[in-house]
Amino acid sequence: MLRAENLSKSFGSLAVTDNVSFELGRGERRGLIGPNGAGKTTLFNLLTGELSLDRGRVYLGSRDISKASPDIRARAGIARSFQKNNLFEGMSVLENLVTAVILASGMGGVFWRSLAKQTKVRERAIEIAEAVGVEDTLDEPVTNLSYGLQRQLEVGLALAVDPVVLMLDEPTAGMTPEETAAMKGLIASLPRKLSILIVEHDMDVIFDITDRVIVLDYGTVLFEGTPDEVRASDAVRHRYLGDAR
């Protein structure tokens, strides 16, 4: 569903991403790990168009989206969450989801309150709320939600575009163990028609829910394999997981 070919990006003399290539299959869950500064978020930004490529190509299916803007990539089927919440503050949970559904459908040029009355828009918003576990908080202002529920809602906003590829940037960062377990269960419950690329520092999350893992180091691919292969890699243990583990 998503293919990266020799992606490279430098800032001055610093090569942050250096000839990174990989393929994300239909329905695959793939982890992206590495030490701080390895280039994980930069790679995400190159894939979503937030940053322009110095070299390389990005394909969504057979479509070359290397030069497409972030909104075009989103409408083509790539959705992402960020390290920090990006919710519509001052709105309720339902209003957040209704707004996301409207914008994703291309109806954003019309004032959203009248559109919110449309049955299909509201039904889709509630369907997403149920999928991400916030259906009991629809009328709550988003600022009243716990941090964990806010993160779950942000996944819901990403799902509003009906993506084929979902990219999650550290979805459990700053969570309690209970919130982490809920997020892990949410990700695991998403339909297999959806391909997922996830950056995460919690190795239990990565090893429990992914099919394959890419290990980045100084902007290059240090290792790629199944969770068991990553665990067994001497290079990965030495550089990232720790020799004791």
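## Close-up views of a predicted model

**View 1. Strand β7 and its partners on either hand.** Strand β6, made up of residues 78–80, is joined to β7 by 3 bridges, and the two run parallel. With strand β8, residues 195–199, β7 pairs over 5 bridges, also in the parallel sense, and within this pairing Leu166 stands opposite Ile196 of β8.

**View 2. The two covered faces of strand β7.** Strand β7 covers residues 165–169 and is mostly covered, with 5 of its 5 residues buried. In a regular strand, side chains alternate between the two faces of the sheet. Here Val165, Met167 and Asp169 lie on one side, while Leu166 and Leu168 lie on the other, and on both faces these residues are buried.

View 3. Ile78 belongs to strand β6, and it counts as buried because its relative accessibility is 5%, where the cut-off for buried is under 20%. Leaving aside neighbours within four places in sequence, Ile78 is in contact with Leu2, Leu47, Thr48, Leu60, Ile65, Arg73, Val165 and Met167. Ile187, by comparison, is 109 residues from Ile78 in sequence, and the C-alpha atoms of the two are 16 Å apart in space.

View 4. Strand β4, residues 55–60, runs antiparallel to β5 and is joined to it by 2 bridges, and Leu60 stands opposite Arg63 of β5.

**View 5. Confidence along the chain.** The chain averages a pLDDT of 91, and 93% of the residues score at least 70. Among the elements of the chain, β4 has the highest mean pLDDT, 98, whereas helix α4, residues 112–115, has the lowest, 54. Where pLDDT is low, the predicted coordinates should not be read in detail.

Technical notes. Residues numbered from 1 in each chain as written. Predicted model: local features only at pLDDT ≥ 70, side-chain atom pairs only at ≥ 80, totals over all residues. Heavy atoms only, no water. Pairing = 2+ DSSP bridges. Helix = DSSP H or I, 4+ residues; strand = E, 2+ residues; numbered from the N terminus. pLDDT = per-residue confidence, 0-100. Buried < 20%, exposed > 50% of the residue type's maximum accessible area, 1.4 Å probe, protein only. Contact = heavy atoms within 4.5 Å.
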